[in-house]
Amino acid sequence: MQEAMYEGKNITLSVLLDGKREISELKKSSAKGAFSCPYCNETLNLKSGNNRIQHFAHRHSESCEPSIESEKYHKQVERESKQHSVIKNFIHDELKAQQKLNKELEVEYGFVAKATEKWRYYPDIIVKNVEKEIAITVLTNVTKNRDERLASQIIKRNTYFKEKGLIPIWFIENTEQSIDLGRHVIHLWEAELNLAMKTPEDLMWETLLNETKSDQSLFELFDYHHQNTPNSYKVRSLYYIQSKEDRIQFSVRRFIEDEQKSPFRAFALNGGYEISLSTAMLTTKTLQLSDPKIEMQLRNSFLQELEQKKKEHLAKQKEIADANRTELLNKRYDSSKRQVSSKNLLTKNHFRTAILEYIKTGRLRLINADDVADYLVLNGASNESYNTGRYKIYSDVCACLDQLAEENIIELSSTGGQRNRTYVVKNI
Ligand SMILES: [Zn+2]
């Protein structure tokens, strides 16, 4: 095995060797009984031979069960960075401190808690709270070369923990984050996507987003580069972790699912935020992993931003509609002159057809009664007007537009600004 109790601390051989102590020195300490098994207390001998890498072995007996399982676990985490055990121990100690305050809480390293059951994979830490068991795993060293293999390993481990009745929670080393908030995009490793969780907080976001009514999708409104627009938004979250000098910092990243194949990406809902370990770990029935107050604020500001985007979008549409209208009026003017000259007057019986053609030809999304009247006059309707300057056909135009609104082809809109009676085109 690679770990031993030494001077009151559970320590691994590599850490001892990193501490600039020669193997021969360590062997001397070992001969004098300085190392013992963290699980059964038996004295350990440090062995180094040509055939096997340096390791500790029980002095008088076979390896005890927990030490065998510990070996299995340490093989499993071999691929992790040095930060892994630092972060893991931090979380463990924090939860242990909470255990003192909450008697229902049981906290143990995964391979210690389940040694007798001889699990195939072990999470770093297992927390039991009343009836729920949570499997916490810290993941470091996610890189391109390892991503594909890691992704399938993670699925296996995740599934395994779930089959064992645990709720798996994964923390990813902070260095893996890549977010471009200006474009609302978060780029992901496949492994990260597989680890994203759906927490109660995600569900609250999901409900909110799916209840938001808008003609355009969120992706479109926020100008997020996308291939497909989902029928309903699926929100998930990732938890990043970073060890700072004397503490651990968590950050929460929440996103709407998007691309499920490489390059993996998603719509970032916000820039996320950092929370302390104790807030993240505030144990109710499961780990909290977020700050409810901040989440509420983030949802509110997201809604505000969304309203702003809708307004911008509408203004843009109106600009396009106006441009189309101007072009249309200019184009129609010549033909209308011909029509007028041939005395082929446009009577109110033909208003409906002409208005529909006006909308279709101009691909208009917004129309208003004055513009429609202008158009009809240019196309041969009577140009008689009142003293106010308004065409006399105006009331007939309005009646015709009301009829189209009743048929749900257009809808009266309040967003007309100074123009009278503006309609949004709906179905045509
Ligand atoms: Zn032992």
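Reader: Is Cys64 buried or exposed?

Author: Burial is read from relative accessible area: under 20% is buried, over 50% is exposed, and values in between are partly exposed, with a 1.4 Å probe and protein chains only. Cys64 has a relative accessibility of 14% and therefore counts as buried. The model is predicted, so local features are given only at pLDDT of at least 70 and side-chain atom pairs only at pLDDT 80 or more, whereas totals for chains, interfaces and linings use all residues. Residues are numbered from 1 along each chain as its sequence is written, and side-chain values use heavy atoms, without hydrogens and water.

Reader: Which residues coordinate the zinc ion?

Author: A donor is an N, O or S atom within 2.8 Å of the metal (3.2 Å for Na, K and Ca); water is not among the atoms, so a site may look incomplete. Here the zinc ion is coordinated by SG of Cys37, SG of Cys40, NE2 of His58 and SG of Cys64, at 2.1 to 2.3 Å. Along the chain these donors follow the spacing C-x2-C-x17-H-x5-C.

Reader: Where do Cys37 and Cys64 lie, and what does the pair tie together?

Author: Helices (H or I, at least four residues) and strands (E, at least two) are DSSP runs, numbered from the N terminus. Cys37 is in the loop between β3 (35-36) and β4 (44-47), and Cys64 is in the loop between β5 (55-58) and α3 (65-76), so the pair ties together parts 27 residues apart in sequence. Cys37 counts as buried because its relative accessibility is 0%.

Reader: Why is the arrangement around the zinc ion called tetrahedral?

Author: Ideal angles are 109.5 degrees for four tetrahedral donors, and 90 or 180 degrees for six octahedral ones. The four donor atoms of the zinc ion subtend angles of 103 to 115 degrees, which makes the arrangement tetrahedral.

Reader: Which way do the residues of β5 point?

Author: In a regular strand the side chains alternate between the two faces of the sheet. In β5, His55 and Ala57 point one way, Phe56 and His58 point the other way, and all are buried. Pairing of two strands requires at least two DSSP bridges between them. β5 pairs with β4 in the antiparallel sense over four bridges, with Leu46 opposite Phe56.

Reader: In what order do the three strands of the open sheet stand?

Author: The order is β2-β1-β3, with antiparallel pairing. β2 (9-12) and β3 are at the edges with a single partner strand each, so one side of each has no neighbour in the sheet. β1 (residues 3-6) and β2 are joined by four bridges; Glu3 stands opposite Thr12, and Tyr6 opposite Lys9. The two strands form a hairpin with two residues between them, and Glu7 in the turn has a positive phi of about 50 degrees.

Reader: How many residues of β14 are buried?

Author: Five of the five residues in β14 (residues 264-268) are buried. β14 pairs in the antiparallel sense with β11 (residues 185-188) over four bridges, where Leu188 is the bridge partner of Phe264. β13 (residues 247-259) also pairs with β14 in the antiparallel sense, and these two form a hairpin with four residues between them.

Reader: Which residues of the largest nonpolar core touch the most other members?

Author: A nonpolar core is a set of buried Ala, Val, Leu, Ile, Met, Phe, Trp, Tyr and Cys residues joined through side-chain atoms within 4.5 Å. The largest has 70 residues, of which Ile91, Ile136, Phe171, Leu188, Phe250 and Ile256 touch the most other members. Apart from it lies another core of 30 residues, including Leu356 and Tyr375.

Reader: What is Glu69 in contact with?

Author: Contact means heavy atoms within 4.5 Å. Glu69 lies in helix α3, and at 2% relative accessibility this residue counts as buried. Leaving aside neighbours within four places in sequence, the contacts of Glu69 are Phe111, Ala115, Lys118, Trp119 and Tyr122.

Reader: Where in the chain is confidence lowest, and where highest?

Author: pLDDT is the predictor's confidence in each residue, from 0 to 100. Confidence is lowest in helix α10 (residues 277-280), at a mean of 76, and highest in β3, at 96. The chain has a mean pLDDT of 86, and 93% of its residues reach 70 or more.

Methods:
Four donors count as tetrahedral if all angles lie between 85 and 135 degrees; four count as square planar and six as octahedral if opposite donors are over 155 degrees apart and all others between 65 and 115; anything else is irregular.
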